[in-house]
Amino acid sequence: MFSGIIRSALTKYAGSGLPSQTVLRAMSSSGGPTPPYTSLAVSRPAPSVTHVELHRPEKRNAMNKAFWREMVECFNEISEDPECRVVVVSGAGKIFTAGIDIMDLAGEVLEPKGDDTARISFSLRKTITKYQETFSVIERCPKPVVVAVHGACVGGGVDLITACDIRLCTQDAWFQVKEVDIGLAADVGTLQRLPKVIGSRSLVNELALTARKMYADEAKSSGLVSRVFVDKEEMMAGALELAGEMAGRSPVAVQGTKINLIYSRDHSVAEGLDYMATWNMSMLQTQDVMKSAQASMEKKSPKTVAFSKL
């Protein structure tokens, strides 16, 4: 299925042969969701780079039932796609996302199935863990994921971006852990990942307990994002350039780096070193090491090396 989606996208955007501004327009304003998806537009704006765009602009990219299912399907396919080395995630329309589509999910979340407390609880737990998978699948994806945020990033949007590897935003972007305002504790990743993203536990607690907005400058200074851009067009150009840099390196090296960074985040230094030794006892045998070393000795960019698909 995924190869068909990408072939369609390549036909539409003509790959890397298009002028850069045309590629950026394609990334920023695609014609609509890419079948079979109804909430996502998937394209390949550059070689080895897959662009996943949240595409419900008329609903401010609110996360409906289809979105929660389609993100899992999409990223499972991306994880297995040998043509993809890097992913860029963005939102169509005026903002990145307004978060959960409460009206669409109300029945499933507020009226869980079951005829007693235990059965209702089991049903609700199953629903919650299903929604958690929507963002955990991004974190598990071995390909680096760059997320580009413009305008509002509310509620579930924060859950989404904290599961990504690199976060960029525009100067007009703002972020809000909204859940306490609607009577619940965030339950699909923010409370688990945001403390690992932002160095200040006090700041995380403040954001989660008050639902106040965090604007771009504070997001940059706190470490939530690594770069702030003037506008969306400049941000998408920056995201594509960054993705191209990663896509030009050995996929064995890049994917191994992501996997070990996440493992080390959740384990002790000693455990991380042991895992790394076990990982590289096989991965150091790749031809990519010699190819990269040869390019370095010849003072060539790694992007000139023809690395095999992974």
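Buried means under 20% relative accessible area, exposed means over 50%, and partly exposed lies in between, with a 1.4 Å probe and protein chains only. The model is predicted: local features need pLDDT of at least 70 and side-chain atom pairs pLDDT 80 or more, whereas totals for chains, interfaces and linings use all residues. Residues are numbered from 1 along each chain as its sequence is written, and side-chain values use heavy atoms, without hydrogens and water.

**View A. Salt bridge between Arg212 and Glu206.** The closest N and O atoms of the two residues are 2.6 Å apart; a salt bridge is a side-chain nitrogen of Lys or Arg within 4 Å of a carboxyl oxygen of Asp or Glu. Arg212 is partly exposed, because its relative accessibility is 25%. Glu206, at 35%, is likewise counted as partly exposed. A search of the whole structure gives 18 salt bridges.

**View B. Salt bridge between Glu139 and Arg265.** The N to O distance in this pair is 2.9 Å. The pair links distant parts of the chain, with Glu139 in helix 5 (residues 117-140) and Arg265 in helix 11 (residues 251-265), 126 residues apart. Helices (H or I, at least four residues) and strands (E, at least two) are DSSP runs numbered from the N terminus. Glu139 counts as buried because its relative accessibility is 15%, while Arg265 is partly exposed at 32%. Both residues belong to a network of salt bridges that also links Arg193, Lys196 and Asp266.

View C. The side chain of Arg167 reaches the backbone oxygen of Ile161 at 3.3 Å. Beyond its neighbours within four places in sequence, Arg167 has contacts (heavy atoms within 4.5 Å) that include Val147, Val197, Leu224 and Arg227.

**View D. Nonpolar surface patch of Ile100, Ile102, Ile182 and Leu184.** Together these residues have about 310 Å² of accessible area, from the Shrake-Rupley method with a 1.4 Å probe, where only the protein chains shown count as cover for residues. Patches are made of residues with over 30% relative accessible area and no salt bridge, like charges being joined within 9 Å and nonpolar side chains (Val, Leu, Ile, Met, Phe, Trp, Tyr) within 5 Å. Ile182 lies in the loop between strand 7 (174-176) and helix 7 (190-197). Its relative accessible area is 42%, so Ile182 is partly exposed.

Key. Polar contact = N/O pair within 3.5 Å; in protein donor to acceptor, adjacent residues only side chain to side chain.
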